[in-house]
Amino acid sequence: MFRIRYSIPRRRWKTRSGGRIVLLFFCVLLLFFFLKNCNAQRETRRDYALNTVSRDFEPLVTSVFLRQKTGDSVNTQLLYAAYITLFDNPAYGDKAGVRQRLLRCFYTEGKDGPVPITDSGRIFDSIQAEFSTTVDDKQRRDIVNLSKELSPGFLNSADLLRKNLKSGDGTKNNIGLVNFAWNALCCKSGYVYGAAGQTIDRSFLNQQKSRFAGVERAGLTKEQTDSILLRFGGRPGFDCGGLIKAYSWLDESTGEILRGRPDGIPDSTANDLYALADVKGNISEMPETPGLGVHKDGHVGIYIGGDEVIEAEGNNFGVVKTRLWGRGWEHYFRVPAITYVQSGTYQIRDHKVVLCDGKIVNPPV
């Protein structure tokens, strides 16, 4: 009797335990598919914002960038998120007009051109006034959260990268190189291994991923390409040497970058660029000449004067402006196929600089 009474509860316990395990398995499975579906929806929304919404806004956003004098830029991620949340529905028929009115809520007109509004609360207040609508606190939070999931979007880089170059006959010089580097910086350009000005989208990243499969330093795993797309999608892409070569290959009349242009720099690595230079030296002896290249093993940047460098730093940073000292630069060099002007007054970004014997005598402020 004892054994019978003991065995029945034991079987029941095993049955209940097996049921719990099965139930737990199905709960985990449902959670997996739920999260997978959420991620798929998020990716679909990102792709829609980049490939459809930002494409529609491209001419308008580019025109604002072209008129800007400073390096500040309109918060395009918030712009696209606001459009998708508030206006991308049948209630608003004139979509082109809506986009134009909405963009005007993101900047003010200053004496030197558009001045982006950086405070999101002020932007939402402008939207309310412009469209006679209410954007409540929950909508504001949702729009801000959505903006963090979106890429910066497409620009007409052919127009933006040749801003302020104006060499006339197409001759490449060090002042043009500096302005090109500034343009790439102001476009919020990304870093992509092997890139020289191509637009960053999923197709291009997959192309580079295939092209440089097995090259560890390319950093083009699935997770890394997704991160690059999120940070820099729609903007130009460069690697460190590509930032220099792209200017040399640029057709200033069209904005097209022609890889391997006959009168341009050979398609070469960062170390090859330094090796090709006729004039070079130790970084401690570098003259105050804008447009010199700076070099350390496997990496190059563009000296813009005032102890500052513009460089394509890496996947997580893109094209950035850094200090000359403290970055480990070892050498300077004159970029091959680039003319170095010796004297005169030149425009660098939105400042005039005077050169004497190739050196800046009045650094921009």
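**Entry: two packed helices.** I looked up helix α7 (residues 174-186) and helix α10 (residues 240-249), which pack at an angle of about 120° with their axes 10 Å apart. Axes here are lines fitted to C-alpha atoms, for helices over the stretch in contact, and angles run from 0 to 180 degrees between N-to-C directions. I therefore noted α7 as oblique to α10, since angles under 35 degrees count as roughly parallel, over 145 as roughly antiparallel, 65 to 115 as roughly perpendicular and the rest as oblique. From α7, the contact uses G176, L177, F180 and A184, and from α10 it uses L243, I244, A246 and Y247; contact means heavy atoms within 4.5 Å. Helices (H or I, at least four residues) and strands (E, at least two) are DSSP runs, numbered from the N terminus.

**Entry: ground rules.** This is a predicted model, where local features need pLDDT of at least 70 and side-chain atom pairs count only at pLDDT 80 or more, while totals for chains, interfaces and linings use all residues. Residues are numbered from 1 along each chain as its sequence is written, and side-chain values use heavy atoms, with hydrogens and water left out.

**Entry: the whole chain.** I counted eleven helices and 16 strands in the protein chain. Of its 365 residues, 45% are buried, meaning under 20% relative accessible area, with exposed over 50% and partly exposed in between (1.4 Å probe, protein chains only).

**Entry: the core.** Which residues have the most contacts inside the largest nonpolar core? I found L102, F106, I127, F180 and F238, in a core of 97 residues. Helix α2 (residues 76-87) gives the largest share of this core, nine residues. A nonpolar core is a set of buried Ala, Val, Leu, Ile, Met, Phe, Trp, Tyr and Cys residues joined through side-chain atoms within 4.5 Å. Beyond its neighbours within four places in sequence, L102 touches F57, L79, A82, Y83, F87, I127 and F131.

**Entry: L60.** I found L60 in helix α1 (residues 2-67). Setting aside neighbours within four places in sequence, L60 is in contact with R99, Q100 and L103.

**Entry: two positive phi values.** A337 is not a glycine, yet its phi is positive, about 65°. I placed A337 in the loop between β13 (331-333) and β14 (344-348), and it is partly exposed at 43% relative accessible area. R349, also not a glycine, has a positive phi of about 60°. R349 sits in the loop between β14 and β15 (351-356) and is partly exposed, at 21% relative accessibility.
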